[in-house]
Structures are given as C-alpha cells and as structure tokens.
Amino acid sequence: MRSSARVEARAAYGFVGPSVVLLGLFVFVPLAWALLISLQRTDGFGSGTFVGLDNYTRLLGDDRFWRSAGNTVLFTALVTPLSMLGGLGAALLLDSALPARPVFRSLLILPMAVSGVATALIGLLFFDENTGVLDSVLSSLHLPEASWQSGSVPAFASVVLVTLWWRVGFNMLIYLTALQGVDPLLHESAMLDGASWWQRLRHVTVPALRPATFFLLVVNVIFSFQVFDVVFVLTGGGPRDATSVLVTYAYDQGFAQRDQGYGAALGMVLLVVTLAFTGVQWRLGRGRDADQ
Amino acid sequence: MRLAVVVRTLAATLVGLVIVFPLYWMVVVALSSRRDLLAGRVGVVPDALTLENFRRVLDSFPVTTWFGNSVAIALSTAVLTVVTNLLAGYAFAHLRFRGSSTLFVLLLGTLVLPVQVIMVALFRLVTELHLYGTYWAVILPTSASALGVFLSRQYFVGIPRDLLDAARLDGAGEWRTFTRVVLPLAKPLVAVLFFMSLLSSWNDFAWPLIALKDNDLFTLPIGLLYLQGQYGPDYTATMAFALINVAPMLAVFLVFQRFFVRGFVTSGLR
C-alpha cells in the first residue's frame, strides 16, 4: 500500500512537472526579479545600483503617475458596470423567445475573436477627425462634431467605447450560460404568485446570477486594470496624457525611456492594487454566499 | 405576445448591427480605393471594389512571412499549453501527492497577476536565457497558463473515480490510464483549451512587441502596427492588412463556437 502511494506520487510529480516548470520559470522567477529591479536604478545595460525605496517615493511626486492611476480607475469604473449591464441586457434578450437566436449570439460574440490591435485600428478608422464615420454621422444629424483625437474627454470616451464594443460579447456569453442554468420552476411559481416581469428579474433572475456576476466583476476589473492594446494603438496615451493608464506608462518608462527600475516599481503598484481589489471582492463574495 | 417578439427582434437587430457594422466597414474600406475613401465616395453600399490594397500591402511588406510566424507561434503555443495543462489538471484532480493543494493554490494565485507587472523582469530573463528575438521567447512564457490547469482540473474532477480504479485494477499504469481512459473522454475540453490558447496567442500584442526585434520574426499584430507607422492614416491599406490578421480567427471562431460555448458550461466557468 505504501509503495503504491509512492508510485502514485512519483507519477503525479511527472504529470504536474511541465506546468510547474513553465509557471515557475516564467512567472515566479520574474516576479521575484521584478521586486528586486524595482529597488534599483537601472537602464537594463550592466548591473544596476541599489537605491532602496527611491523608485517608490518618486512615484508619490510624479504627476504623470497620478494621472495614469486616476485614468486607470476612471476607465475601470466606467467600463466594468457598462459592459456588465450591456452583457446582462443582451443575455436577457437572447434568452427570451426570439427568432434566429443562434445567429444573434454568433454576431454578438464576434469581437472576441478580433485582436486588440485590429480593434484599435478599426477604432482609428471610426474616430478619425478628417475621414471618420462618427463625425459624418454626427454632422448629418446636425450635432456638433467631436474632437476624438485632440480633445481630452472625447479621446477618453473613444477608448471606452472601443473597449465596450470589444468586451460586451464576453459578458453576454457568461450571463447567457448562467441564465440557462436558472431553474424554470422558480419563474413559474413566481408567475403563479402574480410577480411582474420586473419583479421576477429582481427577485429570481438577478439572485440566481450572483455567482456569474461575482466572476464577471473580478474578471472585468482585472482586465480593465491591464488595458494596453487599445490605448497604445488608438491614442498612444495622448493627447497630453489624457488617456495614459498605468500599463502604458509602465511600458513607456521600462522600454521607451529604459528606466527599468521605475517601470518595475509601477508594475509592483499595479500588482498590489490588483491583489487588494481581488482580496476584498473575494471576502465580499464569500460573505454573501455564507449568508444564504 | 407577438408584439413583444417583434420588439425584441428589433432590439436584437439593432444591437447586432452596432456590433457587426465596424467589421463590415473594415471589409468595405479594405476593398475600396484610397482615392475614393479620401473623396468620401465610399458608402455603406460600395459600388467600386478593388483588390489593389492587398496587392500594395503584400508587395511592400513581408506579410506572408509574418503570417507564417503567427501560425507557427500560435500553433506551438497552443499545443504546448494544452499538453501541459491536461497533464497537470489530471494530477490535481485524481492523483494524491504531497504538497498538492499548496501547489494548486500557488498556481491559482498567478491568475490575478497581470503580465505587465513582470514584463521588465521577464524581458531580462528571456535575454539571459539567450531567447530574446526568437520564437521561443514568445512561445514559452505564453504557454505558462494557470487558467488551463484550473479548467482541466474542474473537468477531470467530473470523471468518476470508479472508472479510473477499474483501469488500474486491470493493471494499467498512470500513463496508460491517462492516455487510454481519460483523454478519450476529454475531447470537448481539449477543443476549448486549444481554441482559447490559439486565439489568445494569435491576438497577443504587448509581449511579442517586447520579445521580438527582427522585422522577419514579427507576428501579424506587430506587423500591423509597424505598417500603420509606415503608412500613417492610409486606412485602405491598414484595413486590408487588419483583415488578413482577423479573418482566420473569425473563421475558426464561427466554425468552433458551439464547442467554445459548451466548453464554458462544462468547465464550470459560470
């Protein structure tokens, strides 16, 4: 018996080995290294000099850092609820009696297959101030054209809109999957009790979707903290840092300015914020489940 | 009742149009001449289509090489990811070994780690390993996927233990049990993991941008940005190339989306 347990364990180490090696080498080693680099002043050539927490204290007085952090938070606060509500609305629509449902579902999840760069370039095509489609639509409706590329607020709005187009389908797919797991008997008994559509949505559907909502909230926030492709290609962080986010700023410092210690410190800040948020969400999510 | 269905159909059509129009417009612009676009002669229903942009892009840039790079990198990444994920997922689901739960929690922890946090250090590591500027610099780090391990474990937990014990009683070793009994039951899982990994590798941008230096080794998204840098707002050429980047995955997506959607259900991602 003991030897068979040992044989099983040895086989198990063989099975998990490749994954553990890959994740260890390309995730855990760089993570420890990133912490080390964030304590150095280094341009990546030769060995850096140890500067303690200098990179972190420098963050405190760096306007571009605060601007990028603020933009990241604003972006997350806009995109997460909007894409989740949009996804829920679309999922409810596609879960009801509707002709050609599979076709609509396929259409709505299509953007999931499009690369971030292509998405951003299509965005450029739409938001171009000279030849863009959106401005001609606005002017044909006798509305003022927006300066999507040179104005701070319109540029930020363009990043949000492109991201929503890209992400609503994913949220819809998860909600649709969850809706199909809701017990129809719950709805039937609620209808027998005379509950309206809105009451059933509020008291039957939404509570049943709570695990999906929890999952999507965590995933959407993490995705939003890490937004890169769309910003980098669509606006490059501009105009005048109006759309700069933590990741584009970290990329700029680490690779364009080659101030790698500072870039690594920016990354560590992003990690701490992500961990803090996920931890809080986890406790809240678990707490609610325990209540039920 | 019928009125409700009409209203819902209209609403769904409107949403569908908003989603599809940008893709449709990409195709129209890619097939229009640059002069027509600048003169505002390109409408929703185009009347003069041309393949000129594709010719122009293919003549001026190594597009076929970039396409080949994307295929090679995405396929290798997907194969490596699926194989390592399946093996680890099975061990975590059905084999007993010391440190199993600690290791699993550690792996799960990497799910919330943004890649961008470690990009500077990962760049240094890849340089130290003399991988910088090679296919491997992209393939190996992107194959390290904790999500795939997690999904595989969830799926394999659903396979009854009795079935595995029966195979073992017949004298099959762990490897034989895995390949002969477990794998044949895991086809939907394999399809989903393979497709998810292929898609994310094909569309990946930030890491290949850092890890590749030579023009000849670019993947399509990097080439797309490079081309845009050269051509500026020449949208007809850019959209022609964007279409070359997007079309293969759109096709795969449309063909395999049934598996993909079902995979979300079966792997407990809800």
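In this predicted model, B:Arg34 and B:Asp234 form a salt bridge (a side-chain nitrogen of Lys or Arg within 4 Å of a carboxyl oxygen of Asp or Glu), and their closest N and O atoms are 3.6 Å apart. B:Arg34 belongs to helix H2 (residues 34–38) of chain B, whereas B:Asp234 lies in the loop between helix H13 (220–231) and helix H14 (235–266) of chain B, so the pair ties together parts that are 200 residues apart in sequence. Helices here are DSSP runs of H or I with at least four residues, numbered from the N terminus. B:Asp234 is buried, with a relative accessible area of 3%, while B:Arg34 is partly exposed at 38% relative accessibility; buried means under 20% relative accessible area, exposed over 50%, and partly exposed in between, with a 1.4 Å probe and protein chains only.

B:Asp234 also meets the side chain of B:Arg56 in a salt bridge, with a distance of 2.8 Å from N to O. B:Arg56 lies in helix H3 (residues 52–60) of chain B and B:Asp234 in the loop between H13 and H14 of chain B, so this pair ties together parts that are 178 residues apart in sequence. B:Arg56 is partly exposed, its relative accessible area being 22%. In chain A, A:Arg64, A:Asp241 and A:Asp252 are joined into one network by salt bridges that share partners.

A further salt bridge is formed by the side chains of B:Arg41 and B:Asp36, at 2.9 Å from N to O. B:Arg41 counts as exposed at 52% relative accessibility, whereas B:Asp36 counts as buried at 16%. Over all chains, the structure holds nine salt bridges.

Residues of both chains contribute to a nonpolar surface patch of about 200 Å², which is made by A:Leu25, A:Val29 and B:Leu129. Such patches consist of residues with over 30% relative accessible area and no salt bridge, the nonpolar side chains (Val, Leu, Ile, Met, Phe, Trp, Tyr) being joined within 5 Å and like charges within 9 Å. A:Val29 is placed in helix H1 (residues 2–37) of chain A and is partly exposed, with a relative accessible area of 36%.

Residues are numbered from 1 along each chain as its sequence is written, and chains are lettered from A and ligands numbered from 1 in the order in which they are written. For this predicted model, local features need pLDDT of at least 70 and side-chain atom pairs count only at pLDDT 80 or more, while totals for chains, interfaces and linings use all residues; side-chain values use heavy atoms, with hydrogens and water left out.

Conventions. Helices (H or I, at least four residues) and strands (E, at least two) are DSSP runs, numbered from the N terminus. Accessible areas come from the Shrake-Rupley method with a 1.4 Å probe; for residues, only the protein chains shown count as cover.
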